[in-house]
Amino acid sequence: MHRKNKWILLTTFFLFFTLLICGCWSRKELETLAFVTTVGIDKAEEPGKIKVSLQMVDTTKIRPPGGGGGGGEEKPVLNMKKTGLTLFEAIRKFNYESTRRPFFPHCQAVIYGEEIAREGVGKYIDFIDRDPELRRNLYVLVAKGEASKILEGQPPLEYTVGVSINRVLDKYSTTSQIIPIDLQEFIERLMSKTTAPVAPIVLVNKEKNISVTGTAVFKEDKMVGELTPRETRGLLWVLNKAKGGIIAIQLPHANENISIEVINSQCKIIPEIKDNKLKVTVEIREEGNLGELNSPHDFANEKGWDNIEKLTAGVIHGEVLAAFKKAQEFNADIFGFGEAFYRKYPAVWREIKDDWDKHFANLELTIKVESTIRESGLVFKSSMPR
Amino acid sequence: MKLEGGQISTSGLSFLLICYIFGSTIIIIPGREAEHNIWLAYIAGMTEGLVFAFIYTTLAQRFPQKTLIEINDLIYGPILGKLISLSYILYFLQLTALILRDFGDFFRGVLMPETPLVVFILFSALLGASAVRNGIEVIARCSIIIGPLAIVTSILVTLMLLPQMKITNILPIGDIPLKDFIKASHTVASVPFGETIAFLMVFAFMEKEKVKNIRKLTLLTIILGSIFLLINIFQTACTLGKIAPITLYPTFTAIRLINIGDVFTRLEALVIFAFLGLGFLKLTVSYYGATLGMAQILKLRSYLPLVLPLGVIIVVTSILHFENTIENIVWTSDIYPYYSIPFQIGIPLLSLLIAMVRKLPKQKTGSKQQQK
């Protein structure tokens, strides 16, 4: 009898404990959550306040895309806007209207409106950094105009703006003219005393589709300017991130051009201090394939091939130079040259780091490009008539 | 009278020591003043820790099969020895409370913010109490299972983070003011390494023939454990770069970045399991040290009745010790390294010197036997 009692007691005991294992206190039931995919932050009409827009997905209404043809299907996304003094306060205000609690672990992108980017994003980034629900690999972008308008865009092939942005930025290397910046990198650049933060610019085009073009350049936490797609690629060459893209080259003769498909590229940044002047040498090695040859000339010989490679190198050189000039115009070290000097000359760095602005403006940049074209597809001569 | 009948094997002791060092450092990495030179601080801290270990393992070898309490009795005499032992008991109790607090703070801050702290601490303490009641041999055997699992997890995670690691985050090497570096290394030496002083309660239960290997075994194990810890530190410093000094839980934050082929994402659970297992072992060892020590001071026949009451004291201390997480972090990095100096190095060094001068322990024939 004693053993039987012991077993009953133990079983009850353990059953009781299994109740506690499920973490009931902080439970989150699926039907009470609104999965936020995108956060947009804008200036509110009241001074000093911000307007936060969230795009939330109702998971019970998701159906396969393109499956149910037409027929007034309800969109599973919901956009809401709220105003507040701080980001956290505005987010909690959503609970006045939304029946579900905004849930952030699947948030794919945070978009800052252009106005608030120009005023400074420093006050509106700590929450994203600190809160455990938001992840560090979400993308940070700047909207052309207002961020809330971006959330109203209707990307045709995806459900939500956030997913659309995520997928576009994931494939950045198809053009290498947009730069994917996740929260981790943005904050690292923000914390660095010399490197300038950058973020891709997103806008809604006439067909209501979401488009990512160009880059916003910040000085400390305020946006000071933009880079065109060409200059963005110049930046990517130096950051060792240009692993794809098409270089279209106009040949001297009219109506003739070439496309080179970039396959890979490497870049070495070599800082030097000579005669008290700061110099940086950037060595880029690019590998590509001949993608399109719209010229009747025969390039399938050594001289012709070298010519193509030189032309490609020339284009790359131009892009990097254009990016550098823009950066000097904004006086923003987007390339991370300051950090390169710190790594190589830590002793000297301690003296010059406070005047980095001046030194960056007077920095001498030498660009060396080496381009190799490897494959040429299925044909080696163009079929264009002479 | 034997308070503890179990015997620990060499592998048990090794794994227990490795788990103890890995323990809470896998979550909260002390020594963040060193910024990107944190790995250098760890190497320096490990060296300092090896010095501590040398001292107390020599003491352990001199007094084979005696715990810290008995050693104190022999060296300082019955009254002073008991006083010193009592302060050590208090230190071990506080140590256990701190480990529990780290547990609770982590789970509460990161995973389940609405749950009160006491829930995590209470249940971890209950688990620890059940382990302590089973004895040191069982605890050592647990570590033989949990240890390799945690090590493998940690190495797996490092491999998965390779795409995100940038060696440039570690450069330049050695660019740090000496004062900061010394402070960081000493913090590292005191938090994971100096706390191994609790093992002076454990060495007594090694098999008799293995006693003369204690010192070599411990030193080698500490080096081995530090290598795994260093891999972890490197991984965190390379991945997080500048952000590492401002994050509360660097390993956790780094693991959130793992994204392999869009399939292996959100792997935080791995580090949480590792922390659970290792933290549990660390708290069990210091809990055991406190309980056994108290039983020896009071000359009880068994330490079992003390387990739960001391558990209550530990849980309450854990909650009352700090008001918030920041106090925890600041206390551990600013005050604890200096507060622990007497316990980790001061008194053991003094004991060793006195033992050498007085040529203790006296040999069996015609000697004072103070042991009861």
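Mentor: Let's start with a term: a strand is a DSSP run of E, at least two residues long, and strands are numbered from the N terminus. Keep in mind that this is a predicted model.

Trainee: Which residues does A:Leu365 touch, leaving aside neighbours within four places in sequence?

Mentor: Those are A:Val280, A:Val282 and A:Phe324. Also find A:Ile269: it is 96 residues from A:Leu365 along the chain, and their C-alpha atoms are separated by 10 Å.

Trainee: Let's zoom out. What domains does the assignment give for chain A?

Mentor: Domain 1 takes in 30-65 + 72-227, and domain 2 covers 230-386. Their C-alpha centres lie 31 Å apart. The contact draws 21 residues from domain 1 of chain A and 22 residues from domain 2 of chain A.

Trainee: Which element gives the most to the domain 1 side?

Mentor: That's strand 8 of chain A, with five residues. By class, the domain 1 side that touches domain 2 of chain A splits into eight nonpolar, eleven polar and two charged residues.

Trainee: Now the two chains. How do I read an interface?

Mentor: The size of an interface is often given as the accessible area lost when the parts come together. Here we'll go by contacts: 15 residues of chain A meet 17 residues of chain B. Helix 7 (183-191) and helix 10 (337-344) of chain A each give two or more residues to the chain A side, and helix 7 of chain A gives the most, with four residues. That side has six nonpolar, five polar and four charged residues.

Trainee: Last one: at what angle do helix 6 and helix 10 of chain B pack?

Mentor: The angle is about 150 degrees, with the axes 9 Å apart. An angle over 145 counts as roughly antiparallel, so helix 6 of chain B is roughly antiparallel to helix 10 of chain B. Their crossing is left-handed. Among the contact residues are B:Ile139 and B:Leu149 of helix 6 of chain B, and B:Phe273 and B:Leu281 of helix 10 of chain B. By class, this contact has 15 nonpolar, five polar and no charged residues.

Conventions. Residues are numbered from 1 along each chain as its sequence is written. Chains are lettered from A and ligands numbered from 1 in the order in which they are written. This is a predicted model: local features need pLDDT of at least 70, side-chain atom pairs count only at pLDDT 80 or more; totals for chains, interfaces and linings use all residues. Axes are lines fitted to C-alpha atoms, for helices over the stretch in contact, and angles run from 0 to 180 degrees between N-to-C directions. Angles under 35 degrees count as roughly parallel, over 145 as roughly antiparallel, 65 to 115 as roughly perpendicular and the rest as oblique. A crossing is left-handed if the near helix is turned anticlockwise from the far one by less than a right angle, and right-handed if clockwise. Two residues are in contact if their C-beta atoms, placed from the backbone, lie within 7 Å. Ala, Val, Leu, Ile, Met, Phe, Trp, Tyr, Cys and Pro count as nonpolar, Asp, Glu, Lys and Arg as charged, and the others, Gly among them, as polar. Domain bounds come from an automatic or database domain assignment.
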